[in-house]
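Visitor: I'd like to learn how to read a few features off a model like this one. Could you take me through it, with the general idea and then the case at hand?

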Amino acid sequence: MSAASTSRDRARPTAGCSKSPVLRERGQREVFCGLTGIVWLHRKIQDAFFLVVGSRTCAHLMQSAAGVMIFAEPRFATAVMEERDLAGLADANEELDTAVSRLLERRPDIKMLFLVGSCPSEVIKLDLSRAAARLSSRYAPDVRILSYSGSGIETTFTQGEDRCLAALVPELPQAETETPQLLVVGALADVVEDQFARLFAAMGIENVGFLPPRRARDLPAVGPSTRYLLAQPFLAETARMLEERGASRIAAPFPLGAEGTTLWLKAAAEAFGVDAMAFRAATAAAEARARRALEPHRAALSGKTLFFFPDSQLEIPLARMLARELDMALTEVGTPYLHRQHLAEELDLLPEQTSLSEGQDVDRQLDRARAIRPDISVCGLGLANPLEAEGLTTKWSIELLFTPIQGYEQAGDLAALFARPLDRQTRLKV
Amino acid sequence: MKLTVWTYEGPPHVGAMRVATAMEGVHYVLHAPQGDTYADLLFTMIERRDRRPPVTYTTFEARDLGSDTAALFQETLAAAYDRFRPQAMLVGASCTAELIQDDPGGLAKAANLPVPVIPLELPSYQRKENWGAAETFYQIVRTLAGPAAPEAGAEPSARGPGYRPRCNILGPTALGFRHRDDVAEIRKLLSELGIDVSVVAPLGAAPQDIARLGEADFNVVLYPEIAGVAAKWLKRTFGQDFTTIVPIGHGATRDFVAEVRRLAGLPDGAADGCGNEPKSRLPWYSRSVDSTYLTGKRVFVFGDATHAVAAARVATQEFGFTLCGLGTYSREFARDVRAAAAEYGVEPLITDDYLDVEAAIQAAQPELVLGTQMERHIAKRLGIGCAVISAPVHVQDHPARYSPQMGFEGANVLWDSWVHPLVMGLEEHLLGMFRDDFEFHDGAMPSHLGPGARVASDPASAAPDPVAEIAAGAPAVDPQGATLVTIGWGSDAEAELRKIPFFVRGKARRNTEAFAAERGLSEITVETLYDAKAHYGR
C-alpha cells in the first residue's frame, strides 16, 4: 500500500492544483528581504559568520526583523556603507578589507565568513565575489570566505538561505565513490535533522549528508552519485548548482505533517531501493504517533477557513498539510514565488478549489482577506496586529521558520501553532 | 565602512515614518526596494499599533531597475493617493532608492495632486533616525504652517482680561520612549497652571492642526532631538518662544514650570503656591532613611542626549548616586552631553558603537546602568542592575500602565524604576557579611529578581582557576594591554578578594595591584589587600 492511499481515505479530487490558474500580482510586497535568513543560518552553522555589506537600514532590519534580539554577541554584523564609500569603489574595497580584518581579529573562532550583498551594494555594483576571492587568498586556510546576495532587489526572505547554500555548493568536496549518497538540503532544526538521520539509518540508507552542515569543516561531498532531497521548498538556485555538480533531485512533497513526512521519506527510500517492508518497519510507528498527535487538533481546526499572505514559500506545503491532515478549508494561498517543478508533487495534492496567488499587491490582497474574513490569516509581523484589530485571527508566519515543524515528531507541534490562536480566541473574555 | 553589531538608530526614513505614523491624515510614499517594509513591524509589533503605518513602498526589484523605476514611483503615488485620500503626502527615498536618483520630489510635483506634497531629502549615508524625524517634522511645519505666517512687522494681537495663554506641545512621535504618557502628564501639568494646549504635534496632529501652530503663544519642546529645528523655525516665523528645560525629574519639572510661567506671562509660582508645593513623592522617598543605602552608588548613564543629560541630574541630585559615566549616541547633541559630563567630572562618551559602550561600562564598574535596551543587555551580561531611560526600546518598554518619564508623576516613575533593579539595603549588608553562603554566591541574582545567572564583571574571576594561573606566573595585564610587572596574589589574599562583592571586586583588584606595584611588593597578601583598601578608601 502506498503511503498516499493509506492516508485517511476521504473522497478528494485527485487532479489537485497543478493546472489551476494562478493570480499574479504586482504592487507593494510586504515581505522581508533575503538578509533575514541570517537570523537562523548563523545559529545553524556554528562556526560561520555573516557580514552584511550594506546600509544602516540593513543593520536595523537585522536587529528588528526577527522581533527578537539575540544578545549574546551574534555571529553576524553589518559593514555599514557611508558617504565616502560611495565616492569610489576602490575605497569601498579597501574599507571592506579593513572591516574584515578587524572582524577576524576579534573573532578568531570564525572558520567561514560570508560576505552578504545587500540592495545598496548591488546597486553600486560592489563585486563581493571578487572581494571574497581576494580575502580568501589572504586568510586561507584558516578562514574560508564566500559571498552571496541577500538583497531585497533579488531575494525575498527564505531565498536568502537559497543563495547562501548555493554559495556553499562549489565548496563541497567531490564525492569519490560510485555508491549513491543521499544529501538532504535545507536548514532544519538540529533535533529534526537527528530524527531524519535515525529514520534513514533504520531503513538502511547509509551515507546521508546534510546541507548546511552544523560546522563549516563538515561540508558533505557531492557528485554524479549524489541524490539530493529538498527539505525546504525555496531552494531553486541551490538545486540548480547541485545539478551542475552532477547530483540529481529526488522529487517529493515536503516533510510537513504525517503524510508529507511519509511521502518525503518514501521518495528517498524508493530512490535508494529500500524495500517496502523495511520502509514500513522504519516509519510505521513514528507515522502512527504523528497521526495520534494530530488528532486532537483536527477537532479544533476542521472546517476552519485559512488565508495565506505570501511570506516564506512554505505556504503551499503548509496549505496541503493543513487541508489534508487537519481538514482546514483553504481560501487564498499566496506565495512570493511559485516553483512549479519543485512543488509539482505538492500541487497535485492540494484541493482543487484552492485559489493560488503569486507575488503581491498587499492592499488588494487585504481587501480580499477582509471580504473572505477567514478564520485564520497567516501573515507577516507587519500585518498581524492590524488584522487582529479588525477582528481577524492571525498566525505569524515567521514562527513557522523559527520552530521545528518538519518530520513526524513535530507534526503535532505544527498543528498546535495553528490551533493556538483559535484556542486563545475562545479563552479570552476581554 | 563601519563595522556594526547593533545600532542605536535606524536610517533617517524610519524617523520620517515615526512622524508620519504619529499623525492623522498624512500618507508617506517611500521609494524603496522589496524588504524595506520590515519597518512596519517596528510600529505594529514593538509599539503594538493596531493600524499599519500610513506608508506605501514602491518595493522595486532587480528587474525593475532595468526598466523604469521612476514610472513605478509615479504609479505607486497615484494609487496611494486614490486609496487613502490623505490631506497631505510625504514623498522620499530609502537608502537604495537614493542611489538610483529618481527624484521622488520632482516626480510628485509633476503628478499635480490636489493636496500638499512634501518632498523629503534624507541623506541615508550621512544621517540617522532622529535627524530624519526632525527634518521631516520641520518640512511638514514649514510647508503647512508657513502660509499663515504674519507679515513682517505685524503686531501680535493684544491680550484682553481673562485671557488664557495657549501653547503647542512639540516632539512626541510614534515609537517614542513613553511619549504617549509624557504628553498626558505635561498636558495635565499645563492645565493646572492655567495654560491651554492648542496643538500637540506630530503625535495625533492632522495637517489642519499643523496649519494653526502659529496661533499659540509659545511652544513646549518635549524632545529637542525631534522638535528643536521646527521650534526654531516657528520662533523666527511667528515669534513663538519655546521651552528649553525638559521636565524629567522633580527639580527639572519645577524649573520647567517656572520657565513655562515666564513664557506664558503668568505670575511667579509663589503667588498661588503651585510652583512651590512639591508634587512628586520623589523628594520624600529619597530623604526617607531607608534610602541611605543609595548614597554614592555608582551609576552609568547612556541614551539619547535629552534623556541622558536629564538622568544624570536626577541620579546625582535626587537619588544621591555618583555618576561614573555619561554618554550619548546623539552626535547632533554631543555638545550638551560634553558640557554635562564636565559638570559631573566624568569623561563624556559620544559614540554609536555598541561595543565601545560595553567596554566603557565594563571599565567603569557601575552598580546601576541607566540606558537603552542595548545597555540593558550589556548590564544583564555583566550582572549589573539596569533601568531603561531612553529609546531605542523593546516591546516591554511600551507598558500598558500609565508610566510617564516627565512631570511629577514621571519623577515617581523614575524613583520606582531605578531603585527596583538594585540590591536592597539589608540584602546588600547580608551579602557583604555572609559572602560564603551558598545562596549568595557570585552567580546569584538579587533575590527579588528571581533565579538567574550572572556573568562575572571581574574578568579575572571568570577564569577557570585564577589562583592556578597566578601560581603559574601569568603576568597581570592592564586594560590597555600593556604587560605590567608580575605581581603574585597569595592564595589567602585571592580568597579574601573573592569575599568582596563582585561589582567592586575588579576595582579592588586593580587598586591593590597598583598599590603593591607602587611599593615594589612582589606578592600580595591579605595585609596588602587591606592596606590598599585603607589607602584608597572607597
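Guide: Gladly. Let's begin with a helix pair: the crossing of H12(A) and H18(A) is left-handed. Keep in mind throughout that this is a predicted model.

Visitor: Which numbers describe two packed helices?

Guide: Two packed helices are described by the angle between their axes and the distance between the axes. Here, the axes of helix H12 (residues 276-301) of chain A and helix H18 (residues 411-427) of chain A cross at roughly 15° and come within 9 Å. Angles under 35 degrees count as roughly parallel, so H12(A) is roughly parallel to H18(A).

Visitor: Which residues of H12(A) and H18(A) make the contact?

Guide: From H12(A) look for A:Ala290, A:Ala293, A:Leu294, A:His297, A:Ala300 and A:Leu301. H18(A) brings several residues, among them A:Gly412, A:Ala415, A:Phe418, A:Leu422 and A:Asp423. By class, the residues of this contact between H12(A) and H18(A) split into eleven nonpolar, two polar and one charged.

Visitor: On to sheets. In what order do the five strands of the open sheet come?

Guide: Read across it as E5(A)-E4(A)-E2(A)-E3(A)-E1(B), with mixed pairing. Strand E5 (144-149) of chain A and strand E1 (2-4) of chain B each have a single partner strand, so they stand at the edges, with one side of each left without a neighbour in the sheet. From one strand to the next, the twist averages 25°.

Visitor: How many bridges join strand E3 of chain A to E1(B)?

Guide: Three, between E1(B) and strand E3 (residues 76-80) of chain A, and the two run antiparallel.

Visitor: Which strands does helix H7 of chain A lie across?

Guide: Helix H7 (residues 128-139) of chain A lies across strand E2 (48-54), strand E4 (112-117) and E5 of chain A, and runs at about 170° to E5(A). Helix H8 (residues 159-168) of chain A also packs on the sheet, where it touches E4 and E5 of chain A. The direction of H8(A) makes about 140° with that of E5(A).

Visitor: How many residues of chain A are in contact with chain B?

Guide: 48 residues of chain A are in contact with 44 residues of chain B. The elements giving two or more residues to the chain A side include helix H3 (56-64), E3, helix H5 (89-106) and helix H16 (381-389) of chain A. H3(A) supplies the largest share of that side, seven residues. By class, the side of chain A that touches chain B has 25 nonpolar, twelve polar and eleven charged residues.

Visitor: And B:Gly35, which residues does it touch?

Guide: Leaving out residues up to four places away in sequence, B:Gly35 touches A:Phe32, A:Cys33 and A:Gly152. B:Gly35 sits in the loop between strand E2 (26-31) and helix H2 (40-46) of chain B. With 34 C-beta neighbours inside 10 Å, B:Gly35 counts as buried.

Visitor: Is B:Leu175 buried or exposed?

Guide: B:Leu175 counts as buried, because 25 C-beta neighbours lie inside 10 Å. A:Arg373 has 13 such neighbours, so it counts as partly exposed.

Visitor: Where are cis peptide bonds found in chain B?

Guide: One joins B:Ala201 and B:Pro202, with omega about 0°. B:Pro202 is in the loop between strand E7 (196-201) and helix H9 (207-211) of chain B. Another joins B:Ala391 and B:Pro392, again with omega about 0°, and B:Pro392 lies in the loop between strand E14 (385-388) and helix H17 (407-419) of chain B.

Notes
Residues are numbered from 1 along each chain as its sequence is written. Chains are lettered from A and ligands numbered from 1 in the order in which they are written. This is a predicted model: local features need pLDDT of at least 70, side-chain atom pairs count only at pLDDT 80 or more; totals for chains, interfaces and linings use all residues. Two strands pair if DSSP finds at least two bridges between them. Helices (H or I, at least four residues) and strands (E, at least two) are DSSP runs, numbered from the N terminus. Axes are lines fitted to C-alpha atoms, for helices over the stretch in contact, and angles run from 0 to 180 degrees between N-to-C directions. Two residues are in contact if their C-beta atoms, placed from the backbone, lie within 7 Å. Ala, Val, Leu, Ile, Met, Phe, Trp, Tyr, Cys and Pro count as nonpolar, Asp, Glu, Lys and Arg as charged, and the others, Gly among them, as polar. A residue is buried if 20 or more other C-beta atoms lie within 10 Å of its own, exposed if 12 or fewer, and partly exposed in between; C-beta atoms are placed from the backbone. Angles under 35 degrees count as roughly parallel, over 145 as roughly antiparallel, 65 to 115 as roughly perpendicular and the rest as oblique. A crossing is left-handed if the near helix is turned anticlockwise from the far one by less than a right angle, and right-handed if clockwise.
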